[in-house]
There are 2 protein chains.
Amino acid sequence: MFFTKSFGYAVRGILYVGLMSNEKKRVQIDEIAEKLAVPKHFLGKIMNKIVKEHILDSTKGPYGGFSLNKDTLSIPLIKVLEVTDGLEQFSMCALGLRKCNPEHPCPVHHEMEPLRSNLKRALTNATINDLVAGNKPELIRNISAF
Amino acid sequence: MFFTKSFGYAVRGILYVGLMSNEKKRVQIDEIAEKLAVPKHFLGKIMNKIVKEHILDSTKGPYGGFSLNKDTLSIPLIKVLEVTDGLEQFSMCALGLRKCNPEHPCPVHHEMEPLRSNLKRALTNATINDLVAGNKPELIRNISAF
DNA sequence: CGTATAAAAGATTTTAATGTCTTTTATATG
DNA sequence: CATATAAAAGACATTAAAATCTTTTATACG
Ligand code: FES
Ligand code: FES
């Protein structure tokens with residue numbers, strides 16, 4: 001519901017890098033994929049998009065890997081969603097009719113519109129930093145597959 | 001976002017039958033598919049599931065087609081969602097981690113849980129009848145793809 | 001420079017949702 | 001019963017997301 005797997009992988013990957021950034025400067029994809037129990041190469045492609053959008057940094061070669069940059073912690077979740085899933089969903093009709101149009105509301109428009117707005121607002125307000133706050137071992141446990 | 005196309009087709013199909021039920025006893029799939037601009041055979045399969053779950057009635061042969069039954073109008077939308085998409089989505093973690101578990105909340109749990117509950121409640125409370133109420137030509141226009 | 005390391009990129013496969021086309025089954029009516 | 005009609009069912013195709021595997025590129029370091 002709501003999001004693709006890619007979005008989940010992206011959020012969890014970014015958070016894992018954030019949680020590890022005290023201990024090590026860079027985190028490798030192999031470690032992330034293993035700890036999150038996520039397919040390595042698929043995650044790699046998603047992380048690559050994340051880097052292209054300057055949400056994380058990366059370097060190739062020995063001692064390379066993924067790392068936070070000066071902006072990472074202040075990135076809102078909706079930016080991550082934009083990279084992985086796009087934001088068209090917020091302007092589309094929930095019944096898939098066309099672009100949502102309050103002038104010609106579909107039968108579920110009045111139910112869905114407030115929920116959609118709330119979701120958009122929540123994702124816009126919540127930053128990576130908000131999610132990284134709190135008990136660290138617990139968080140690492142919670143972003144792992146179980 | 002939120003739902004599959006199948007759900008949208010199902011809701012619109014049921015509503016079209018409901019809106020036509022004054023004028024004609026039964027509505028054929030060809031007419032529904034044409035008016036909603038939806039692929040006929042795909043819609044047929046979805047309508048078939050809807051009939052199997054007693055949300056609508058159908059009869060084969062001449063003068064056959066789909067029709068309301070005594071329960072149709074009081075069916076909540078969540079029942080339709082269950083038939084087309086299933087309801088597992090409401091117990092799964094929004095990040096796709098596993099079953100959502102408030103004891104071990106994922107980083108977006110506190111953002112998502114209220115939204116999910118609200119959506120579930122809205123879909124549980126809204127019946128087909130609620131959606132059929134109102135200006136009929138306008139509704140027919142609004143469930144069409146145009 | 002040569003080598004090892006790690007991300008990036010590319011090619012291919014799998015899976016589920018969606019869509020199309022054909023055949024079968026049920027039924028109303030003459 | 002014969003025929004036409006319309007849903008149901010089945011087989012197959014397409015598409016996008018997800019996953020896997022291989023090759024290329026960049027870089028640290030001896
Ligand atoms: S018109 Fe369907 S959600 Fe707004
Ligand atoms: S644990 Fe992720 S939404 Fe509840």
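Let's start at a phosphate: a backbone N or O atom of Lys5(B) sits 2.8 Å from a phosphate oxygen of DNA strand C, a polar contact in the sense of a pair of N or O atoms within 3.5 Å (within protein, one must be able to donate a hydrogen and the other to accept it, and residues adjacent in sequence count only if both atoms are side-chain atoms). Please keep in mind that this is a predicted model, in which local features need pLDDT of at least 70 and side-chain atom pairs count only at pLDDT 80 or more, while totals for chains, interfaces and linings use all residues. Residues are numbered from 1 along each chain as its sequence is written, chains are lettered from A and ligands numbered from 1 in the order in which they are written, and side-chain values use heavy atoms, with hydrogens and water left out.

In total, 25 residues surround DNA strand C, and the closest are Lys45(A), Asn48(A), Ser58(A), Lys5(B) and Ser6(B); a residue is near a strand if one of its heavy atoms lies within 4 Å of it. Of the atoms of DNA strand C within 4 Å of the protein, 63% belong to sugar or phosphate and the rest to bases.

Both chains take part in this surface. Helix H3 (40-52), strand S1 (57-59) and strand S2 (65-67) of chain A, and helix H1 (5-20) and helix H3 (40-52) of chain B, each supply at least two residues near DNA strand C. Helices (H or I, at least four residues) and strands (E, at least two) are DSSP runs, numbered from the N terminus.

Now turn to DNA strand D. Of the 27 residues around DNA strand D, Lys5(A), Tyr9(A), Lys45(B), Asn48(B) and Ser58(B) come nearest. Sugar and phosphate make up 62% of the atoms of DNA strand D that come within 4 Å of the protein. A polar side-chain atom of Ser6(A) lies 2.9 Å from a phosphate oxygen of DNA strand D, and one of His41(A) lies 3.5 Å from a base nitrogen of DNA strand D. Lys60(A) also reaches a base, with a side-chain N or O atom 3.3 Å from a base oxygen of DNA strand D. H3(B) gives the most to the surface near DNA strand D, with 4 residues.

Grid points are joined across faces, edges and corners, and a volume is the space filled by probe spheres set on the points. Among the residues lining the largest pocket are Asn48(A), Ser58(A) and Lys60(A), and H3(A) provides the largest share, 3 residues.

There are 2 cavities of 30 Å³ or more. The second largest cavity, of about 30 Å³, is lined by Phe2, Leu115 and Leu119 of chain A, that is Phe2(A), Leu115(A) and Leu119(A), along with Phe2(B), Leu115(B) and Leu119(B).

Notes:
On a 1 Å grid over the protein atoms alone, a cavity is a set of points where a 1.4 Å probe fits but cannot get out, and a pocket is an open set with protein on both sides within 12 Å along at least five of seven lines; lining residues have an atom within 4 Å of a point.
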